[in-house]
Amino acid sequence: LRPPTNPPTRTASSSAALIMLSVAGAPGPLANINLSTASYASRKLVTSFKKATWIAATTCLVLLVPLIIEMDREQQMIELEKEQMSVLTAPKAI
């Protein structure tokens, strides 16, 4: 026969992780949420938000910067054509 073993004791940190949050007036499965589950969900949400922000920022850089450069070139070409037209159509000095 084995000697009886004592149940594991809970430390303050493990007890804090097991504290249940009660949401006032929330019926059903949301009435009690485990802190570790809530922290996992919040970490997952933050990670997903970081990924979405990275994707949006790089997409904007890849698509918008070349567009802005091309629009600037087009504006310079229009100004150059206007200048050439004004030189060609200017009255000649006698």
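**Notebook: helix α2 and its surroundings**

I began with the span of α2, which has 54 residues and reaches 78 Å from its first C-alpha to its last, close to the 80 Å expected at 1.5 Å a residue. I note here that the model is a predicted one.

Entry on the chain as a whole. I counted two helices and two strands in the protein chain. Their order along the sequence is α-β-β-α. I then looked up burial: of the 94 residues in the chain, 1% are buried. For the accessible surface I recorded about 9000 Å², with 68% of this area belonging to carbon and sulfur atoms.

Entry on the course of α2. Where does α2 bend? I found a bend of about 25° at L64, and the proline P66 follows within four residues.

I looked for a nonpolar patch and noted one of about 880 Å². Its members are L61, V62, L63, L64, V65, L67, I68, I69 and M71. I checked L67 separately. This leucine belongs to helix α2, which covers residues 35-88. L67 is classed as partly exposed because its relative accessibility is 45%, and a patch takes residues with over 30%.

Entry on charged pairs. How many salt bridges does a search of the whole structure find? I recorded one. It joins the side chains of E70 and R73, with 3.8 Å from N to O. I asked why these two residues are separated by about one helical turn. E70 and R73 are three residues apart in helix α2, so about one turn lies between them. In general, an α-helix has 3.6 residues a turn, so residues three or four places apart point the same way. I also looked up the exposure of E70: its relative accessibility is 43%, and therefore E70 counts as partly exposed.

Entry on T59. I located this threonine in helix α2. Is T59 buried, partly exposed or exposed? I noted T59 as partly exposed, because its relative accessibility is 37% and the buried class lies under 20%. I then followed its side chain, a polar atom of which lies 2.7 Å from the backbone oxygen of I55.

How values were computed:
Residues numbered from 1 in each chain as written. Predicted model: local features only at pLDDT ≥ 70, side-chain atom pairs only at ≥ 80, totals over all residues. Heavy atoms only, no water. Patch = residues over 30% accessible without salt bridge, like charges linked within 9 Å, V, L, I, M, F, W, Y side chains within 5 Å. Areas by Shrake-Rupley, 256 points an atom, 1.4 Å probe, with all protein chains shown as cover. Salt bridge = Lys/Arg side-chain N within 4 Å of Asp/Glu carboxyl O. Buried < 20%, exposed > 50% of the residue type's maximum accessible area, 1.4 Å probe, protein only. Expected span 1.5 Å × (residues − 1). Bend = angle between axes of the 7 residues up to and from the residue. Polar contact = N/O pair within 3.5 Å; in protein donor to acceptor, adjacent residues only side chain to side chain.
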